[in-house]
Amino acid sequence: MEDVRVPGGLEQLSGTSSGMVAERCEQLMQNAREIDDGKKEYYIVTSYLNDIEIIENLAPDQAEEIQKAADYVAKLNQSRDQFLNTSKRISDAQFKMLQSQEDQIPDAIKNLRANEEYQATVKRDMQYLEGEKQEWEIQNRENRRLRKRLRRASFMLLFAAATAAVLMLVLSLGFDYDLQYAWIGIIAAALFGSAYIVFRLESSRRDIQQAEVNINYAILLLNKVKIKYVNITNAVDYGRNRFHVRDSREFEYQWEMYQNAMREQEKYRKTNEDLNYYYDKLVRLLKKCGLYDSRVWTEQPQALVDQKEMVEIKHDLLVRRQKLRSKIAFNLDIVKKERAEIIKALRVNEEARTVQVLEMIRSIDKLSGMEEKA
């Protein structure tokens, strides 16, 4: 899974009012929270990798004792799985994955479903705002073209009025025509035309100003929604990749199948004293090694016996940690750049330096870890 980038990029927005600065700070708070959550997850993944390193570097006699207990657990698990095969409708790999993270699954399903719904909502909002911005830009261009046409029309009106006046003057002086009503008509037409052009020019000027205000506001909202879309898409993709599902509906189905299998497994486990004994023995041996989480290996004991299994687990954790690192780096880059812009804005406009804004900046620094670097 590649990291999602901001669609179209962030657009530049001018303005240093206190309201706009506070709005941008609130936007950054979400990025800072993403960094904080990512770091916590990163710590857990790193702890599991450290556990693998400890296991790989155990003394031969200690490793042999653990491998024997793990081998018993793996074989007893295989016997148990054969018994449960009729009730299990998901793959062994998916079953083991759900089993190893059983406590997190209900919340993970809820989060994935909520994130997918929020992603769809944010995408609709982004498309709507993009459409609104484009509509105002079209209106702005149309008004500017109208002003050019009106200016040309004013020159044409002036030229026509001057030409008619010269012609009337020649006829009245050279041929002694009475052109009083013609003069009145020409003057009236010139005044009417001029008034209409001035009215349309003023109207188009106001329309252009309003369109620019609306475009600017649409950009502010669009930037905020784009960042939300990137974060929620990363969260959705990470959740799907982590649990190897296409969407929350498949996740719910697999969880239901897993629970059915677990109910059968529980019945079997209660009558299997050997399995419980070796479970406990394996956990005791692993706890002596000072691992971050000893019980997780009871659900994947084959990795303690088969080096290939351990390599696969290590690879998955490394990939997971790399994705978390990319996620943290992406949000940290946004925080650094936006924070610098906000500080610059505060220097320009002292009125924007409110207690609320300063408190939000401190919270952003604390969540993103920039406070520690400072």
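Let's begin at one residue: Gly193, which you'll find in helix 5, residues 180-243. Please keep in mind that what we have on screen is a predicted model.

Is Gly193 buried or exposed? Its relative accessible area is 14%, and because buried means under 20%, Gly193 counts as buried. Now look for Leu158. Along the chain, Leu158 and Gly193 are 35 residues apart, yet their C-alpha atoms are separated by 9.6 Å.

Let's zoom out for a moment. How many helices and strands does the chain have? There are eleven helices and zero strands. If you read along the sequence, the pattern is simply α-α-α-α-α-α-α-α-α-α-α. The chain has 374 residues, and 41% of them are buried. As for contacts, take those between residues at least 6 apart in sequence: 84% of these join residues at least 24 apart. The accessible surface of the chain is about 22400 Å², and carbon and sulfur atoms account for 53% of that area.

Speaking of the surface, here is my other stop. Which residues gather in a patch of positive charge there? They are Lys148, Arg149, Arg151 and Arg152. Let's pick Arg149 from that group. Arg149 sits in helix 4, which covers residues 105-174. Its relative accessibility is 41%, so Arg149 counts as partly exposed; that label applies between the 20% limit for buried and the 50% limit for exposed.

Technical notes: Residues numbered from 1 in each chain as written. Predicted model: local features only at pLDDT ≥ 70, side-chain atom pairs only at ≥ 80, totals over all residues. Heavy atoms only, no water. Patch = residues over 30% accessible without salt bridge, like charges linked within 9 Å, V, L, I, M, F, W, Y side chains within 5 Å. Areas by Shrake-Rupley, 256 points an atom, 1.4 Å probe, with all protein chains shown as cover. Salt bridge = Lys/Arg side-chain N within 4 Å of Asp/Glu carboxyl O. Lys, Arg positive; Asp, Glu negative; His and termini not counted. Charge placed at Lys NZ, Arg CZ, Asp CG, Glu CD. Helix = DSSP H or I, 4+ residues; strand = E, 2+ residues; numbered from the N terminus. Buried < 20%, exposed > 50% of the residue type's maximum accessible area, 1.4 Å probe, protein only. Contact = heavy atoms within 4.5 Å.
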